[in-house]
Amino acid sequence: MLTDTHAHVQMPQFARDREDVIAAAFADGIARIVVPGIDLETSRAAVALATAHPARLFAGVGTHPHDAATLTDEALAGQRALARTAGVVAIGEIGLDFYRNLSPRATQLAALEAQLALAHELDLPVILHNRESHAEMVAMLHAHARGVRGVFHCFIGDKTMAQDALGLGFYLSFAGPVTFAKNVELAEVAAWAPAERILVETDSPYLTPPPFRGKRNEPRHVALVARRMAELRGLRFEELADLTTRNANTLFRLPELQPQEGVTQHASL
Ligand code: NI
């Protein structure tokens, strides 16, 4: 059983066939899916999916760095209330993106700081987006994330960056890029990272692994990431799946999956 720790299945890209995509993932052995929000509205939609699929889908509530300018005091209060809902397992997706800079840097930093404080207040892990902003991210976590746990989602950094994240107690989640042949250094990090700190994800609808590149990504493709990770680490696929599912259960405090939950879902398809 696999856990896709990052899939935006609430997004408009899945408007026409969302429930089919979720059912296809379950049928392919994806046990759990964590659905992060990128603003208040998509966080609400993630919570609605978690409510509709208890014990299988879980929500992250957060405002992405691209949308940091939308995190008004009112929106933050909305996130705080929403984050107390059953099925919410993280504050995310939050972070910094100094590559695209879709919100001003100062706004991104303020939104991240406020949401780290919210995670601390509610004792929830954070799901971090970090692009071309590593030094600022590490400084922010040192200053404002005392006692906050979490994950660097879609980790694409080098070994030094991985060591920084691990040193802060964070997990590393690997996505489609680890399957791309050109990413030799990332493959080395994926092979080396401590077993108890690795997760797998799709970041659906983005970052589709081969042989589906160019198409919309879906949670069932997390198996392709897991297969590559298993190969890199010299494990059987099932071992890697179990390991990363246990890690996801620990980080997000997911209830242990009862074997009959999977059976029930298959029977209802
Ligand atoms: Ni994402």
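Reader: Let's start with α4. Which residues of α4 are buried?
Author: This is a predicted model, and in it the buried residues of α4 are Gln108, Ala111, Leu112, Gln115, Leu116, Leu118, Ala119 and Leu122.

Reader: Where do those buried residues sit when you look down the axis of α4?
Author: Seen that way, the buried residues of α4 fall within an arc of 160°, so they line one face of the helix. As a general point, an α-helix has 3.6 residues a turn, so residues three or four places apart point the same way.

Reader: And what do the buried residues of α4 pack against?
Author: They pack against α3 and β4, and also against β5 (126-131) and α5 (134-144).

Reader: How far apart should the ends of α4 be?
Author: Helix α4 covers residues 105-122, and its 18 residues, at 1.5 Å a residue, should span 26 Å. The C-alpha atoms at its ends are 26 Å apart in the model, which agrees with that expectation.

Reader: What comes just after α4?
Author: Just after α4 comes Asp123, whose phi is positive, at about 55°, although Asp123 is a residue other than glycine. Asp123 is found in the loop between α4 and β5, and its relative accessibility of 41% makes it count as partly exposed.

Reader: Which other residue has a positive phi although it is not a glycine?
Author: Cys154 is one of them, with a phi of about 45°. Cys154 is in the loop between β6 (150-152) and α6 (159-167), and at 13% relative accessibility it counts as buried.

Reader: Back to helices, then. Which residues of α3 are buried?
Author: In α3 (73-83), the buried residues are Ala75, Leu76, Gly78, Gln79, Leu82 and Ala83. They cover an arc of only 155° around the axis, which puts them on the same side of α3. On the other side of α3, Asp73, Glu74 and Ala81 are exposed.

Reader: What do the buried residues of α3 pack against?
Author: Their partners are α2, β3, β4 and α4.

Reader: You mentioned α2, so what caps its N-terminal end?
Author: Asp39 caps that end of α2, with a side-chain oxygen that lies 3.3 Å from the backbone nitrogen of Glu41. Within α2, the residues Leu40, Thr42, Ser43, Ala46, Val47, Leu49 and Ala50 are buried, and what covers them includes α1 (18-27), β2 (30-36), β3, α3 and β4 (88-97).

Reader: Where is His53, and is it buried or exposed?
Author: His53 is in the loop between α2 (40-52) and β3 (57-61), and it is buried, with a relative accessible area of 13%. The side chain of His53 makes a polar contact with the side chain of Glu19, at 2.8 Å. If its neighbours within four places in sequence are left aside, His53 is in contact with Glu19, Ile22 and Phe26.

Reader: Changing topic, which residues coordinate the nickel ion?
Author: The nickel ion is coordinated by His6 (NE2), His8 (NE2), Glu93 (OE) and Asp203 (OD), at 2.1 to 2.6 Å. The angles among its four donor atoms are 86 to 175°, and the site is irregular.

Reader: How are those donor residues spaced in sequence?
Author: Their spacing is H-x1-H-x84-E-x109-D. Both His6 and His8 are buried, while Glu93 lies in strand β4 and is joined to Gly92 by a cis peptide bond, with omega about 20°.

Reader: Which other residues does a cis peptide bond join?
Author: Pro210 and Pro211 are joined by one, with omega about 10°, and Pro211 lies in the loop between β8 (198-200) and α8 (222-233).

Reader: Last one: what does Ala7 touch?
Author: Not counting residues up to four places away in sequence, Ala7 touches Ile33, Val34, Val35, Pro36, Thr202, Ser204 and Pro219. Ala7 is found in the loop between β1 (2-4) and α1, and at 0% relative accessibility it counts as buried. The C-alpha atoms of Ala7 and Glu218 are separated by 7.6 Å, although these residues are 211 residues apart along the chain.

Methods:
Residues numbered from 1 in each chain as written. Predicted model: local features only at pLDDT ≥ 70, side-chain atom pairs only at ≥ 80, totals over all residues. Heavy atoms only, no water. Donors = N, O, S within 2.8 Å, 3.2 Å for Na, K, Ca; no water. Tetrahedral: all angles 85-135°; square planar, octahedral: opposite > 155°, others 65-115°. Buried < 20%, exposed > 50% of the residue type's maximum accessible area, 1.4 Å probe, protein only. Helix = DSSP H or I, 4+ residues; strand = E, 2+ residues; numbered from the N terminus. Polar contact = N/O pair within 3.5 Å; in protein donor to acceptor, adjacent residues only side chain to side chain. Contact = heavy atoms within 4.5 Å. Expected span 1.5 Å × (residues − 1). Arc of directions from axis to C-beta.
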